[in-house]
Amino acid sequence: MQIILSDSPEKTLNCGKDFARTLKGGDVVLLNGEMGAGKTVFAKGVAKGLGIEDEILSPTYAYMNDYQGKLYHFDCYRLQSGAQAEALGLCDYFYAYGVCLIEWAQNIADVLPERVKKVTIKKTGEEGRQIIYE
């Protein structure tokens with residue numbers, strides 16, 4: 001386990017960018033944290049680190065955004081079960097060649113791959129964050 005302290009959104013973004021260097025196609029990353037913790041900011045950093053210049057938006061209403069087949073950014077907040085994720089075809093992406101970043105993964109825990117990486121972001125203040133890599 002590794003813990004990084006961030007005192008700004010820019011540093012959180014840079015943490016995501018640095019983390020991207022540890023990733024390879026096919027990796028599934030569970031991105032944990034309460035609403036407003038900075039998950040999407042971290043995801044923007046991961047995208048930059050993977051060489052993606054597109055604007056990264058939270059996929060809350062789309063469930064998943066595909067960025068050039070390099071990054072699949074999921075938001076499972078509105079899903080009730082893994083069966084719903086399967087019915088939407090989301091689980092297929094877990095075995096594709098891009099990196100999967102999954103927010104609110106606990107909602108689909110029963111269909112996640114066995115091997116995943118975990119990143120938890122905790123608020124420590126107005127802009128302060130604790131980023132935990134497992």
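Is Phe 94 buried or exposed? In this predicted model, Phe 94 has a relative accessible area of 2%. Buried means under 20%, so Phe 94 is buried. Now look at Tyr 95. Its relative accessible area is 60%. The cut-off for exposed is over 50%, so Tyr 95 is exposed.

Next, the aromatic rings. The count comes to 8 aromatic pairs. Take Phe 19 and Phe 42: their ring centres are 5.8 Å apart and their planes meet at 45°, so this pair is tilted. Phe 19 sits in helix H1 (residues 9–20) and Phe 42 in helix H2 (residues 39–49), so the pair ties together parts that are 23 residues apart in sequence. Both Phe 19 and Phe 42 are buried. Phe 94 and Tyr 95 also pair, this time edge-to-face, with 6.4 Å from centre to centre and 65° between the planes.

Finally, follow the strands. Strand E2 (residues 28–32) runs parallel to strand E6 (residues 117–123), and 4 bridges join them. Here Leu 30 stands opposite Lys 118. E6 also pairs with strand E7 (residues 129–133), in the antiparallel sense, over 5 bridges. Lys 123 faces Arg 129 across that pairing, standing opposite it. A hairpin of 5 residues links E6 to E7.

Definitions and conventions
Residues numbered from 1 in each chain as written. Predicted model: local features only at pLDDT ≥ 70, side-chain atom pairs only at ≥ 80, totals over all residues. Heavy atoms only, no water. Pairing = 2+ DSSP bridges. Helix = DSSP H or I, 4+ residues; strand = E, 2+ residues; numbered from the N terminus. Phe/Tyr/Trp six-rings, centres within 6.5 Å; stacked < 30°, edge-to-face > 60°. Buried < 20%, exposed > 50% of the residue type's maximum accessible area, 1.4 Å probe, protein only.
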